[in-house]
Amino acid sequence: SVSSIVPESCLLIVVGLLVGGLIKGVGEEPPILKSNIFFLFLLPPIILDAGYFLPLRQFTENLGTILIFAVVGTLWNAFFLGGLMYAVCQLSGPSLNHIGLLANLLFGSIISAVDPVAVLAVFEEIHINELLHILVFGESLLNDAVTVVLYHLFEEFANFEQVTILDIILGFLSFFVVSLGGVFVGVIYGVIAAFTSRFTSHIRVIEPLFVFLYSYMAYLSAELFHLSGIMALIASGVVMRPYVEANISHKSHTTIKYFLKMWSSVSETLIFIFLGVSTVAGHHYWNWTFVISTLFFCLIARVLGVLVLTWFINKFRIVKLTPKDQFIIAYGGLRGAIAFSLCYLLDYKHFGMRDMFLTAIITVIFFTVFVQGMTIRPLVDLLAVKKKQETKRSINEEIHTQFLDHLLTGIEDICGHYGHHHWKDKLNRFNKKYVKKCLIAGERSKEPQLIAFYHKMEMKQAIELVESGGIGKIPSAVSTVSIQNINPKTLPVERVLPALSKDKEEEIRKILRNNLQKTRQRLRSYNRHTLVADPYEEAWNQMLLRRQKARQLEQKMNNYLTVPAHKLDSPTMSRARIGSDPLAYEPKADSENLPIITIDPASPQSPESVDLMNELPKGCGGLPPSPEEEDEEGLMMRVKEPSSPGTDDVFTPESNSPGNQRMQRCLSDPGPPPEPEEGEPFIPKGQ
């Protein structure tokens with residue numbers, strides 16, 4: 001019940017305080033956490049565990065935000081806190097007047113960095129969402145370079161009689177050397193570890209040893225040259241993991257996973273216990289003004305830094321950081337044992353106020369771990385901050401993730417914008433083409449990522465079945481590969497990979513190259529005037545113009561080459577004419593497709609009684625009407641069937657074309673000029 005309210009790190013510090021008090025009560029001198037022991041033996045396992053199992057996708061997608069918080073935010077905290085503490089020392093009287101600017105800046109650089117051990121201990125218990133966790137934890141990992149540079153810089157400047165502009169410029173450049181140098185050392189050892197694991201198939205027992213050995217070598221090599229050991233460990237773990245896991249056996253993978261978790265947990269426990277013991281055993285100098293000012297300015301600097309930097313970052317982020325997120329990031333800036341150990345390393349000769357610095361740092365650590373660590377869980381629940389979703393990755397999710405990556409890469413290529421998806425795709429291609437062949441043994445170097453992920457999930461499912469005792473109920477979906485990996489007594493069967501013939505593969509590549517290569521040519525901007533012209537567009541326009549001219553000529557012929565219309569006869573004269581000469585109103589031979597007009601000569605009706613019947617009679621479906629239908633329906637005028645699309649009636653003369661029909665009808669049935677047909681392209685005259 002206590003652990004649900006109080007974080008484990010707080011309980012461990014309380015245990016350390018009790019143990020230290022007990023040791024001191026019996027008259028013995030309690031042990032103090034030495035800086036060498038902390039940096040050489042206790043810190044590396046925690047950082048290696050964090051770097052080896054780092055969620056790489058979330059880390060790379062938010063790398064810009066993490067770097068801004070880690071570099072700019074830490075610099076802001078160090079100089080803001082150091083400057084204000086120098087002002088406090090100058091205004092506080094003779095007790096603090098002797099503390100100079102460099103000493104206060106050094107103190108600010110020590111206490112400004114967020115501690116990865118404290119963040120891990122608290123954030124893993126509250127199960128915060130992945131975005132906030134990677135932002136705060138990534139900041140605590142990467143700000144080590146800034147802390148190391150500022151610490152050594154101000155420590156060296158304290159020994160100088162005068163600091164010149166050149167010293168400041170060299171100190172600024174040393175930041176890039178320390179950070180990038182640490183990353184470079186880590187990458188080198190990570191590649192060596194991956195290459196070594198390629199040849200360990202016959203000695204599986206010592207495979208985990210190479211992971212620990214090369215990682216620790218990377219850390220020691222970086223610390224030897226005063227580079228960032230934490231960044232070297234992270235780089236080595238991130239680089240070696242995908243290649244090492246492809247080479248080593250499943251038992252070795254399980255050993256690495258659980259040994260790292262156990263090792264980091266033991267180190268974390270010892271660190272917090274020794275913090276409590278050292279608090280009791282250390283020499284302290286309490287100054288109310290200095291300690292309270294330090295605590296207050298630490299909180300103010302953190303809040304201001306997060307608010308200002310987030311306002312700037314949100315201008316470039318697609319997923320904005322909400323006010324709730326900003327509060328959790330500011331509230332999660334915990335301090336821990338790294339600040340304590342760095343302060344313990346200070347020399348009494350140059351920093352006589354070391355005991356007061358230690359007292360202020362321990363006060364800040366206790367406040368952040370106890371007060372902020374204990375209240376962050378209820379605040380997360382109160383603010384309804386999104387928590388981590390414990391879901392297992394599926395094949396469906398992996399397929400859609402890769403599909404979206406390829407889609408976004410293609411969109412960037414088409415737009416001519418080379419964003420991080422483009423460079424990520426380039427890196428993946430280089431990795432697949434060159435690096436995997438050198439660092440991964442056997443056929444697994446050619447295995448697609450999706451198939452590798454499928455076999456990994458298959459293995460996990462089979463192991464869960466075995467552990468649950470359901471080996472006799474294994475479904476057919478689990479292939480024999482998983483069972484063979486679980487039970488190594490059976491002979492291993494080589495995995496069959498789908499392979500294409502060389503000719504087929506070359507043919508596919510040729511098609512894709514011819515059709516897709518042009519999309520990677522970067523365009524300056526989209527402009528309708530710079531688009532490539534369609535070669536068929538001009539010919540099509542010419543054809544439309546010719547059709548329009550032909551229709552205009554036809555309209556003129558209809559208007560000017562017709563016989564003047566007769567006067568309208570009275571109804572009596574019309575019936576008499578039809579009755580005297582009915583053959584004059586029989587359909588012509590070439591007028592089979594005209595509309596039907598039925599006229600009853602015997603009915604004494606007005607001309608308005610002319611009934612326009614169905615314009616598409618039964619016989620107009622492609623067959624001539626029967627004589628019985630003609631007798632029943634009366635006189636018919638049939639409509640010509642529409643021509644097939646794509647034909648040009650200007651250049652395809654037909655006897656039954658609409659133009660010929662109109663020419664034949666113009667003498668017998670003159671009328672007003674025909675209006676343009678519906679759907680006819682409108683082109684003004686004169687074009």
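Here is a short chat about confidence, salt bridges, surface and cysteines.

A: Happy to! This is a predicted model, where local features need pLDDT of at least 70, side-chain atom pairs count only at pLDDT 80 or more, and totals for chains, interfaces and linings use all residues. Residues are numbered from 1 along each chain as its sequence is written, and side-chain values use heavy atoms, with hydrogens and water left out.

Q: What does the protein average in pLDDT?
A: The average is 77, and 72% of the residues score at least 70. pLDDT is the predictor's confidence in each residue, from 0 to 100.

Q: Where does pLDDT stay under 50?
A: Residues 473–490 are one such stretch, and the model has 24 contacts for them beyond four places in sequence. Residues 519–526 also stay under 50, with 11 contacts beyond four places in sequence. A contact means heavy atoms within 4.5 Å. Where pLDDT is low, the predicted coordinates should not be read in detail.

Q: OK, charges next. How many salt bridges are there?
A: The count comes to 9 salt bridges, each being a side-chain nitrogen of Lys or Arg within 4 Å of a carboxyl oxygen of Asp or Glu.

Q: Which residue does Glu139 pair with?
A: Glu139 forms a salt bridge with Arg302, and their closest N and O atoms are 2.8 Å apart. Glu139 sits in helix 7 (residues 130–157) and Arg302 in helix 12 (residues 288–313), so this pair ties together parts that are 163 residues apart in sequence. Helices here are DSSP runs (H or I, at least four residues), numbered from the N terminus.

Q: Is Glu139 buried or exposed?
A: Glu139 counts as buried because its relative accessibility is 2%, and Arg302 is buried too, at 5%. The cut-offs are under 20% relative accessible area for buried, over 50% for exposed and partly exposed in between (1.4 Å probe, protein chains only).

Q: And what does Arg57 do?
A: Arg57 meets Asp405 in a salt bridge, 3.0 Å from N to O. The two are 348 residues apart, with Arg57 in helix 3 (residues 56–61) and Asp405 in helix 16 (residues 395–415). Arg57 is partly exposed at 33%, whereas Asp405 is buried at 18%.

Q: Which residues do Asp425 and Arg429 sit among?
A: Both lie in helix 17 (residues 420–439), 4 residues apart, about one turn of the helix. Asp425 is buried, with a relative accessible area of 11%. Salt bridges that share partners also join Arg57, Glu61, Asp405 and Lys424 into one network.

Q: Switching topic: what does Leu40 touch?
A: Leu40 touches Tyr216 and Leu220, leaving aside residues up to four places away in sequence. Leu40 belongs to helix 2 (residues 35–52) and is partly exposed at 32%. Between Leu40 and Tyr216 there are 9.3 Å in space, C-alpha to C-alpha, and 176 residues in sequence.

Q: Is Ile165 buried or exposed?
A: Ile165 counts as exposed because its relative accessibility is 61%. Ile165 lies in helix 8 (residues 165–197).

Q: Last one, how many disulfides does the search find?
A: It finds 0 disulfides in the whole structure, a disulfide being a pair of cysteine sulfur atoms within 2.5 Å. As for the cysteines, Cys10 is buried at 0%, and Cys438 is partly exposed at 44%.
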